[in-house]
Amino acid sequence: MSQEIKYILESLLFVASDPLSIEQMKRVVNVSESRVIREALKALGEEYEARGGAFFLKAVAGGYQIRTRPEYGPWIKRLLQPAPVRLSKAAMETLAIVAYKQPVIRSDIEHIRGVDCGGVLRMLMEKKLIRVLGRKALPGRPLIYGTTRQFLEVFELKDLTELPAPEEVEGPETPRQGPEQLSFPEPGTAEKSPGEPHQAKKA
Amino acid sequence: MGEDVYRVKLTDIFEGPMDLLLFLIKKNEVNIYDIPIALITDQYLEYLEKMREMNIDIAGEFIVMAATLAHIKSKMLLPVHEETEEAGEDPRLEITRPLEEYMRIKAAAERLESRHILGEDTFVRRLDNKDMLPDTQEEWVQVDLFELIDAFQRILKNISPDKRMDLTADRISVRDRISQLVDILERRHSITFDALFEENADRTMIVVTFLALLEMVRLALIRIYQQADTGIIRIFYQ
């Protein structure tokens, strides 16, 4: 039976575009105990790990989602040619401030970054990574910003508590140059390379 | 040509005064808790001068920071009076604290960016749900302000006359209405224009709702479309 539930869930996760919550899965499978779903998901996740294939099961944005492993990103990008998601340094800093300080108003963000952030905030809103939570009872009634569910999905976070804890600053050497590039095999060099595709060109 | 290259580089490197300050601190390998303020101030001003020579517009924020540095530098030169309240505080804390905060955020931003990013590193199966929904034939057009006002007039007409002059003390503000609407849209993603106006709503509520919608469009929180066939106006959460 639990075997069955595991694969029912797999089929649901396969067709769902958004992360599926335990509640949603409980409703479809018609079980009352979350534990049953959790155990089946755990088993499914372990199966993916053991197989070591293209997918992994991830808890994101209050639900679960099947995602492709980062190793295969370069190939997928050749197929789909998605619009680049990566943000500029300014946008990443602004987003980090909103994420860690939310609910936060624009002047607080600008205070930390020392520059005007209006344009960046607007862009982050357009990308649906942040949203307006309301207005603060201050002169000028400034907008209050917070992150969205989309933010959790994009950055592979289960919820806001999963944000990596900001580290303490000790000296000038502390701000590490974070991993600039994840060590993916270059398309064409690894053995899983799909043939010898030419460099993708956008029309 | 050479100048152009520099121009791009400089603006790329320094997002703002904090960024420049941090760059100088790292370059000189000094501790942010013991900043040689005279040295850093001089170098900071040198950089501003260089930027000016290269015709880079220097944002006002850079000048403010220069003033702050100069102010701290002058404070450092003054003899410390035991009696004054701030005697014990290092004047440099004025920039050390924001620097600390900025470095923390920079580190946090870098760590966020190093995660596996959806749409960049990892991907999900995106099912084109639209094909499975029955109303794929429906066509939506963007409505202009006048159509919105027409719809608004229609709703005003529908309210009973005795409701029209009902002056009540506790009115809902546009701000509160926006957060209510956001809550509704968070849950439903989209809603028809008419559904937002309850039948027994008073005039204030209707006006406030309308103003809230306009404000939300301005803030790019929502998009409003009108269906080509039925004329139904629908509000979509961005």
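Where in chain A is the place of Arg141(A)? Arg141(A) sits in the loop between strand 4 and strand 5 of chain A. This is a predicted model. In it, 49 residues of chain A are in contact with 48 residues of chain B.

- On chain A, the elements that give two or more residues to the side touching chain B are helix 1 (2–15), strand 2 (63–68), helix 4 (73–80), helix 5 (89–101), helix 6 (106–113), helix 7 (118–126), strand 4 (130–135) and helix 8 (149–154).
- The residues on this side of chain A divide into 25 nonpolar, 9 polar and 15 charged.

**Helix 5 against helix 5**

- Helix 5 of chain A packs on helix 5 (residues 93–113) of chain B at an angle of about 100°. Their axes are 8 Å apart.
- Helix 5 of chain A is therefore roughly perpendicular to helix 5 of chain B.
- From helix 5 of chain A, the contact uses Met92(A), Glu93(A), Ala96(A), Ile97(A) and Tyr100(A).
- From helix 5 of chain B, it uses Ile105(B), Lys106(B), Ala108(B), Ala109(B), Leu112(B) and Glu113(B).
- The residues of this helix contact divide into 8 nonpolar, no polar and 3 charged.

**The sheet of chain A**

- Three strands of chain A form an open sheet in the order 3-5-4, with antiparallel pairing.
- Strand 3 (104–105) and strand 4 of chain A stand at the edges. Each has a single partner strand, so one side of each is left without a neighbour in the sheet.
- Strand 4 of chain A is joined to strand 5 (residues 143–147) of chain A by 5 bridges, and the two run antiparallel.
- Arg131(A) has Gly146(A), in strand 5 of chain A, as its bridge partner.
- Helix 5 of chain A lies across strand 3, strand 4 and strand 5 of chain A. Helix 5 of chain A runs at about 90° to strand 5 of chain A.

**Backbone details**

- Gln102(A) and Pro103(A) are joined by a cis peptide bond, with omega about -5°. Pro103(A) lies in the loop between helix 5 and strand 3 of chain A.
- Arg141(A) is not a glycine, yet has a positive phi of about 35°. Arg141(A) is partly exposed, with 14 other C-beta atoms within 10 Å.
- Ala220(B), also a residue other than glycine, has a positive phi near 60°. Ala220(B) is placed in the loop between helix 9 (203–218) and strand 3 (222–227) of chain B.
- Is Ala220(B) buried or exposed? Ala220(B) is exposed, because 12 other C-beta atoms lie within 10 Å and the cut-off for exposed is 12 or fewer.

**Make-up of chain B**

- Chain B has 9 helices and 4 strands. Along the sequence they follow the pattern α-α-α-α-α-β-α-α-α-β-α-β-β.
- Of the 238 residues in chain B, 23% are buried.
- Among contacts in chain B with a separation of 6 or more, 66% are between residues 24 or more positions apart.

**Confidence in chain A**

- The average pLDDT of chain A is 80, and 80% of the residues score at least 70.
- Confidence in chain A is highest in strand 2, at a mean of 93, and lowest in helix 1, at 86.
- Over residues 169–203 of chain A, pLDDT stays under 50. The model has 40 contacts beyond four places in sequence for these residues.
- Where pLDDT is low, the predicted coordinates should not be read in detail.

Notes: Residues numbered from 1 in each chain as written. Chains lettered and ligands numbered in written order. Predicted model: local features only at pLDDT ≥ 70, side-chain atom pairs only at ≥ 80, totals over all residues. Contact = placed C-beta atoms within 7 Å. Nonpolar A, V, L, I, M, F, W, Y, C, P; charged D, E, K, R; others polar. Pairing = 2+ DSSP bridges. Axes fitted to C-alpha atoms, helices over the stretch in contact; angles between N-to-C directions. Parallel < 35°, antiparallel > 145°, perpendicular 65-115°, else oblique. Buried ≥ 20, exposed ≤ 12 C-beta atoms within 10 Å, placed from the backbone. pLDDT = per-residue confidence, 0-100.
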